[in-house]
Amino acid sequence: MTQTIAVYPGTFDPITNGHIDIARRAARIFDKVIVAVASETSPSKRPLFTVEERIAMAQEIFQNDANIEVQGFRTLLVHYMKETNANVIIRGLRAVSDFEYEFQMASLNRNLRPEVETLFLTPSEKYSFISSSMIKEAFRLHGDVSNFIHPIVEVGLHSKLRG
């Protein structure tokens with residue numbers, strides 16, 4: 001019997017409750033979900049946390065989720081998919097504004113590896129408006145973001161931005 005492996009890629013800088021919601025919902029659908037933390041980011045993105053810190057936070061958050069694994073990756077996503085024998089990419093859509101970019105990425109990935117499918121999931125409504133950048137900005141300005149992040153992430157934000 002073949003195991004269906006899905007990869008949920010992102011920078012997760014930091015991982016939010018919206019990300020956690022998507023990963024856990026995907027884990028109900030697939031045999032295994034790999035939360036793939038990208039070490040390479042676009043030039044416009046400057047991560048607050050190192051890739052090691054982002055991986056460690058995600059590993060702690062998902063430590064009791066039997067079919068969720070956290071890994072870092074630094075290659076083209078479709079190459080990583082081949083390395084891990086995964087055949088589904090999970091992407092979260094918060095709003096219509098996310099769709100155009102995600103649709104373009106799904107089309108590119110399909111052209112690069114036609115056997116890989118992209119599945120879009122929407123987070124729970126209570127997380128549909130949050131993003132990692134919004135969390136960092138609100139926290140920098142002393143906003144209470146505790147409803148939108150795991151306590152381990154809040155500790156990390158304190159250390160990076162207020163420590």
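How many nonpolar, polar and charged residues are in the lining of the largest pocket? There are 19 nonpolar, 15 polar and ten charged. By class, Ala, Val, Leu, Ile, Met, Phe, Trp, Tyr, Cys and Pro count as nonpolar, Asp, Glu, Lys and Arg as charged, and the others, Gly among them, as polar.

Some ground rules. This is a predicted model, where local features need pLDDT of at least 70, side-chain atom pairs count only at pLDDT 80 or more, and totals for chains, interfaces and linings use all residues. Numbering runs from 1 along each chain as its sequence is written, and side-chain values use heavy atoms, without hydrogens or water.

Back to the pocket. The largest pocket holds about 1,200 Å³ of space. Its lining has 44 residues, and P9, G10, T11, K45 and R91 are the closest to its centre. A pocket here is an open set of points on a 1 Å grid over the protein atoms alone, where a 1.4 Å probe fits, with protein on both sides within 12 Å along at least five of seven lines; lining residues have an atom within 4 Å of a point. The volume is the space filled by probe spheres set on the points, which are joined across faces, edges and corners.

Which elements give two or more residues to that lining? They are β1 (5–10), α1 (17–29), β4 (88–92), α4 (96–112) and α5 (132–140). The largest share, eight residues, comes from α4. Helices (H or I, at least four residues) and strands (E, at least two) are DSSP runs, numbered from the N terminus.

Next, the loop between β1 and α1. P14 sits there, and a cis peptide bond joins D13 and P14, with omega about 0°. F12 is in the loop between β1 and α1 too. Phi of F12 is positive, near 50°. Most residues other than glycine have a negative phi, and most peptide bonds are trans.

Now helix packing. The axes of α5 and α6 (residues 151–162) come within 11 Å and cross at roughly 60°. Axes are lines fitted to C-alpha atoms, for helices over the stretch in contact, and angles run from 0 to 180 degrees between N-to-C directions. So α5 and α6 are oblique to each other. I135, K136, F139 and R140 in α5 meet E154, L157, H158, L161 and R162 in α6; contact means heavy atoms within 4.5 Å. That contact divides into four nonpolar, one polar and four charged residues.

Last, α2 (residues 51–61). α2 packs on α6 at about 155°, with axes 10 Å apart. Therefore α2 and α6 are roughly antiparallel. Angles under 35 degrees count as roughly parallel, over 145 as roughly antiparallel, 65 to 115 as roughly perpendicular and the rest as oblique.
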